[in-house]
Every structure is written in C-alpha cells, then in structure tokens.
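User: I would like to learn how to read a structure, feature by feature. Please take me through this one.

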Amino acid sequence: MTLVTETAVKTLLETPTTTRVRPRYEGSNICTWIGFKHVNYLVEEAVLDHFRQAGLPARALYEEHGLGLDIVSLDSRILHAFHMDDIADAEVTPWTKDDDSTIGFKVTIQFERNGEIHKAVTSKVRVSLRIDTYLEAAGEVPAGLARFAVAVLGDDLERESPAAAPAEEEILASLTAGANAYGWKWNIPYPYCHFTERLQMSGYLRLMEEGKDRFVADRGISIKTLLDDRRWIPVVPRSDIRILDEALMEEDLYTVYTVEEVFKDFTYTSRMDFYVLRDGKLVKTATGRIVHGYAVIENRRDWSLVNFDQRVVDAINGKVPKA
C-alpha cells in the first residue's frame, strides 16, 4: 500500500528531481531528428518520474486511491533539436503556489553534444488528479492531495458556456466560417485514451501533429510535396495545449486548425480548438497553439532554417494561385 504521507506530498511539491530520458525511435520521422510530439513525451516522462521519486507513482495513485494523473496543460519551447539516440537530463522543478488547484512544474531538458551542454527544452506543466468514477469509489481522497483532485478535468477553470450546435452536417462549416481555418471530424479511439474512458494529453499532441499534416495537404503543400520539391521539413519551436473539459472514448471530436499570424515569412502560429457534441451543444474540450517554421535538409545530419517563399506564404494564407 502506497501511503500518501506529508513527507511524500512535501517532496512532490518542493523538491526538484532529475531523470535521464531518451527519445523513442518512433519519433524520428525525417532523417534522425525527433519531432515536437516526442519531445513533449520526454517532458511527460520526466514529470511521471518526479511522482515516482516522490513515492507517489501514477499506478499507485490510481489503483489504491482512485486518482488518475492527468497532464492538463503543457507549454514547451524547443531550443535545440533532438536526434535519434540522444540521452538527456530532465530537471523537474516544482512550481505550485499555496492557492493553486493544479500541481505545477517547470521542466528543463539538456544534453551534451561535442563536449558542449545544450539547453534543449523548457516547459511548463500542470497536473490534475482526476477522481475515478468509472469503477467503484476508492474512498476518501488523501488530505495532502485533496486540493488537486477534481471530479471532471477542467473543474478548476471558468469554462465557456457550451453553444447550441447547428445541424451535425453543418458543424465544421460553422466552426471555420470566416477564418483561415481547416477542420475535421474524428471518432476518438481507445488507443488515444487512458483510465478507461478519456482522451489523454499525448492523444492531443498526436492530433496537433495530425492537424499540421492535414492543413498543409489541404493547401497543396503537403509534407511530402515540399520534401520532394525542395527538401523542406516543418519545424516546431513552440507548442502549448490546455485541457478544458473531458473528451470521451468513441465521442466524435471536431478539430479546428486556424492560422492566426504569419511572422516575417519565417514562422506562423496556428490555434487548435477541440470540441465534442454533447446533449445538443458544442463543448470545447481543449485549446492550444503551435508555431511552425521550415528547414532545409542539408545532409543526413544537418538542417538550417529557411524563409517562406511566396508559394508557401500564399498557401498558409489561403490564397488560391492564379490559373
């Protein structure tokens, strides 16, 4: 039995930890570089290990106390690119104020390359402990963790009032109307979920990556198109995502990818909003932003950032090329 002692909670909330992390092979999609989704997975693993080192691992919190450990906010900056087989040190620094209702951390990941230490990632993370209601009650929430326990993810936030939904076949059109946006409907499968019922943070990260892929393909500059034409690859210096409510297994999720700003033909920022249709109303379950640029592949080891050309700028801005 894992005891939620005052010492364990104090360690969780006050004592920094360091853990060694290595990106997964799956995240190396272009040459040997690691994409932003898997970089965020390293942040997630560091936070999970912080709970372990405090004596409060996610498994025990759920099995013994009925508390699901949910990352509900993730804001990451990537300063140096990870490569396949890199080994890094992730430092997790607790960042929770006395009146916070979520557990906060600042995560810094650094690695050594060619004898030099590089700060590769900085991230801010918030965690909620979701009280399990799918199975029988596990008893009273341990006192030291009670202020972080929620009945529904997003309970600590002021939610937007759900909007009455139009006819189902018109939902995407209404969500993208008048905006430089692309949207799609998708049924949430169980591999994107955890704790038996709800979409988890890593699932949203996968959808953010898919959003970029779908958007550029829709605009005629798909990932493969620019790879084949000019060896350009997308790069992500920053991403953030925040869970506002719960999205449940096998619900239909409506995702909208909206271009907000193109900065000096060098990067562009897109907002991603996620909705489910519930009781005839559209409920926003998450929102986030992702900053994209492009880099040219110089060889199997190196790449460098490039400015957008007119074709890419027009595609991002939704301008149809003249025939």
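User: What percentage of the 323 residues in the protein chain do buried residues make up?

Analyst: Start with the ground rules. This is a predicted model, in which local features need pLDDT of at least 70 and side-chain atom pairs count only at pLDDT 80 or more, while totals for chains, interfaces and linings use all residues. Residues are numbered from 1 along each chain as its sequence is written, and side-chain values use heavy atoms, with hydrogens and water left out. Buried means under 20% relative accessible area, exposed over 50%, and partly exposed in between, with a 1.4 Å probe and protein chains only. Here buried residues make up 48% of the 323 residues.

User: How many helices and strands does the protein chain have?

Analyst: Both are DSSP runs numbered from the N terminus: helices are H or I with at least four residues, strands are E with at least two. The protein chain has seven helices and 17 strands.

User: What share of the contacts with a separation of 6 or more comes from residues 24 or more positions apart?

Analyst: A contact means heavy atoms within 4.5 Å. Of the contacts with a separation of 6 or more, 71% are between residues 24 or more positions apart.

User: Now a helix. Which residues of α1 are buried?

Analyst: The general idea comes from helix geometry. An α-helix has 3.6 residues a turn, so residues three or four places apart point the same way. In α1 (residues 6-14), the buried residues are Ala-8, Val-9, Leu-12 and Leu-13. They line one face of the helix, because they fall within an arc of 125° seen down its axis. That arc is of the directions from the helix axis to the C-beta atoms. On the other side of α1, Glu-6 and Thr-7 are exposed.

User: What covers the buried residues of α1?

Analyst: The cover includes α2, β5 (88-94) and β6 (103-113).

User: Let us move to α2. Is Val-39 buried or exposed?

Analyst: Val-39 sits in helix α2 (residues 36-53). Its relative accessibility is 1%, so Val-39 counts as buried. Beyond its neighbours within four places in sequence, Val-39 contacts Ile-34, Ile-78, Phe-82 and Val-121.

User: Last, backbone angles. Where does Asp-85 lie?

Analyst: Asp-85 lies in the loop between β4 (67-78) and β5. Asp-85 is not a glycine, yet its phi is positive, about 75°. With 55% relative accessibility, Asp-85 counts as exposed. Thr-196, also not a glycine, has a positive phi of about 80°. Thr-196 is in the loop between β11 (193-194) and β12 (198-199). At 40% relative accessibility, Thr-196 counts as partly exposed.
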